[in-house]
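Student: I'd like to go through the ring contacts here. Can you take me through them one at a time?

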Amino acid sequence: MLDARAGADCGIPDNRGMSDATHLLIPCAASTAEGCQQALQGLALPHLDRLLARLSPYPAQSDSGEETSFSTPHERALARALGLPAEDGRIPWAAWHRRAGEGAWAFVTPCQWQVSTDHVTLRDPEQLGLDEAASRALLAIVSPWFAEDGIALYYDQPTRWLASGALFDGLATASLERVLLRDVRAWMPDAQQARTLHRLHSEMQMLLYTHTFNDERTARGLPVVNSFWVHGTGALPAPLPTAATPPEMPTLLRDAAVREDWRAWAQAWTALDAGPVADLLRRADSGAPVQLTLCGDRNALGFHTAPRSLTQRIHNLFRPQRFLDLREKL
């Protein structure tokens with residue numbers, strides 16, 4: 001995390017005074033996927049271009065990563081905005097969700113691994129049809145196995161449980177978004193550091209393969225649950241981050257991008273441009289402080305209202321900052 005005072009000394013804009021700014025954080029604003037590149041052709045976002053022409057770069061809310069990074073750029077950007085550690089794969093989302101001040105926590109998502117000749121694909125947990133009763137029943141089945149390794153499981157949502165245990169302290173895990181509908185083998189945590197989790201994956205697959213829980217689901221035409229995914233690992237820093245107003249983070253683009261539905265993604269961009277982006281532009285035009293963060297597969301780019309020199313104003317008049325010029329940097 002960048003300290004505001006150190007940032008000012010290094011030429012990075014000081015973020016003091018930005019806490020009152022309206023912050024719009026947009027996940028999956030662009031992608032290197034071929035379908036996305038095609039969808040971008042001819043995509044008109046007039047409010048976004050006008051907004052970008054008014055704003056200045058905000059390096060304190062920008063960062064770079066890779067498509068193979070465990071944490072998505074928008075997760076890292078959201079963590080920075082909330083004052084949380086933003087180290088790749090170690091953003092303590094579960095501890096933050098629980099507001100747990102002690103110990104390490106994680107999210108555990110029950111899921112189905114679909115095994116083929118050369119892929120082990122994690123199917124969308126939302127398609128499993130798990131309700132609270134079924135999720136709690138499954139939790140009761142697997143909890144004793146986790147407890148033997150010092151991991152306590154707690155119900156949170158039908159497709160998400162909470163887990164506590166020393167194993168999650170410092171363990172880097174991939175975001176569920178990163179692995180969803182992809183081959184899990186590329187996103188597994190370090191084999192040495194996560195030996196226990198790797199063994200539990202094998203044990204859960206054997207346990208659930210012939211369990212009556214899945215027999216009953218199959219009889220009802222429901223997908224089987226044969227594995228789990230651990231994410232959002234870590235402990236909260238001490239002292240706890242000061243409560244911050246979270247940025248507005250619409251998920252329409254993200255939901256379409258995960259499904260690789262690029263037509264829906266382009267339609268979502270049009271809706272965002274006419275809605276939240278237009279609203280932010282109106283606030284900027286009225287003189288209110290605003291902040292915008294655009295995130296792609298790899299990087300995040302931050303922008304905010306800030307005084308501009310005469311040279312900058314003239315440059316922006318003749319060569320305004322546009323999304324077309326920025327999207328390749330995401």
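**Ring contacts**

Tutor: At 40% relative accessibility, Tyr154 is partly exposed (buried is under 20% relative accessible area, exposed over 50%, partly exposed in between; 1.4 Å probe, protein chains only). This is a predicted model, where local features need pLDDT of at least 70, side-chain atom pairs count only at pLDDT 80 or more, and totals for chains, interfaces and linings use all residues. Residues are numbered from 1 along each chain as its sequence is written, and side-chain values use heavy atoms, with hydrogens and water left out.

Student: How many aromatic pairs does a search of the whole structure find?

Tutor: The search finds 6. Rings of Phe, Tyr and Trp (its six-membered ring) pair if their centres lie within 6.5 Å; planes under 30 degrees apart are stacked, over 60 edge-to-face, the rest tilted. One of the pairs is Trp105 with Tyr154, tilted, at 5.7 Å centre to centre and 35 degrees between the planes.

Student: Is Trp105 buried or exposed?

Tutor: Trp105 is buried, at 7% relative accessible area.

Student: Next, which residue forms an aromatic pair with Phe146?

Tutor: Phe228, edge-to-face, at 5.1 Å centre to centre and 65 degrees between the planes. Phe146 is in helix H6 (residues 132-147) and Phe228 in strand S8 (residues 227-234), so the pair ties together parts 82 residues apart in sequence. Helices (H or I, at least four residues) and strands (E, at least two) are DSSP runs, numbered from the N terminus. Phe146 is buried at 2% relative accessibility, and Phe228 is buried at 3%.

Student: Switching to charges, what sits over the ring of Trp96?

Tutor: The charged end of Arg99, 4.0 Å from the ring centre. The criterion is NZ of Lys or CZ of Arg within 6 Å of the ring centre and within 35 degrees of the ring normal.
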